[in-house]
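Let's take a friendly walk through this one together. Have the sequence and the model open side by side as you read.

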Amino acid sequence: VYLYNATASAVTIDKGTMFYAPATTTADIVYFTSTSEVSVAANTASGNGQAVSVLEGRAVTETLTTNYFGDASGTFKLSESGIIPASLALTVGTTSYTHTTRLTDAGASSPAFTSLTTSNGETVIVLGNGINGLVPPGGSTITVYYRVGGGSKGNVAANAITEMSVPVTGITINMSNVAVGGTNPETLASIKSNAVTVNRTQDRAVTLLDYESLIGTFPGVVKS
């Protein structure tokens, strides 16, 4: 997204600022969130403007608890559905916890967590147990940040992003690039087809059948 600043002073656009492509008669509103803090220089009313990198998704900050019970393997169900797992970020007090797809890969003292998505699209945060992943201290405030995405709906055309969720005085959107890379969740039929292979190999290749199964998961491979 490219911004103009019509004021006489530089304006800071905070990380997490939301932009959106308005709804039309054929498409829903699509939100985008800035990935870093950017300063827009004064009187930038020529050229493309100041570039601001954004990722598709509506930003949400949710406080899970202000008094964690201190037990191992704590779980919390998030209030939104359609969450982008890669966007999950957790803060326990003042400590940042890292999202991992496999909590079993985390050490006992590692501030890590994982997430599970239920069949109805709900996301559950899973904390460490002291063997795999650090157990948050009792009494902690736990806050999670994430983006709610729209999958392939986020692949909007160039200049479709025209609005800011919270307008900033003097700042206008000049233009936006085409958005690419948005994909929908795996279908139930695909999960049924792939689950057996994934569960059997666990990313390991020992037998000839393991190698055949793993190679077959690469795009473009028809037979191995």
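Tyr-31 counts as partly exposed because its relative accessible area is 24%, which lies between the 20% limit for buried and the 50% limit for exposed. Please bear in mind that this is a predicted model.

## Aromatic pairs

How many aromatic pairs does a search of the whole structure find? The answer is three. In one of them, Tyr-31 partners Tyr-20 in a tilted arrangement, with 5.8 Å from centre to centre and 50° between the planes. This pair links distant parts of the chain, since Tyr-20 sits in strand 3 and Tyr-31 in strand 4, eleven residues apart.

Elsewhere you can pick out a cluster in which ring pairs link Tyr-68, Phe-69 and Phe-76.

Take a look at strand 4 (residues 30-34) beside strand 7: the two run antiparallel and are joined by three bridges. Phe-32 has Glu-56 of strand 7 as its bridge partner.

## Confidence in the model

The protein chain has an average pLDDT of 91, and 96% of its residues score at least 70. Which elements have the lowest and the highest mean pLDDT? Helix 1 (residues 188-201) has the lowest, at 72, while strand 3 (residues 18-21) has the highest, at 98.

Terms used
Residues are numbered from 1 along each chain as its sequence is written. This is a predicted model: local features need pLDDT of at least 70, side-chain atom pairs count only at pLDDT 80 or more; totals for chains, interfaces and linings use all residues. Side-chain values use heavy atoms; hydrogens and water are left out. pLDDT is the predictor's confidence in each residue, from 0 to 100. Helices (H or I, at least four residues) and strands (E, at least two) are DSSP runs, numbered from the N terminus. Two strands pair if DSSP finds at least two bridges between them. Rings of Phe, Tyr and Trp (its six-membered ring) pair if their centres lie within 6.5 Å; planes under 30 degrees apart count as stacked, over 60 as edge-to-face and the rest as tilted. Buried means under 20% relative accessible area, exposed over 50%, partly exposed in between (1.4 Å probe, protein chains only).
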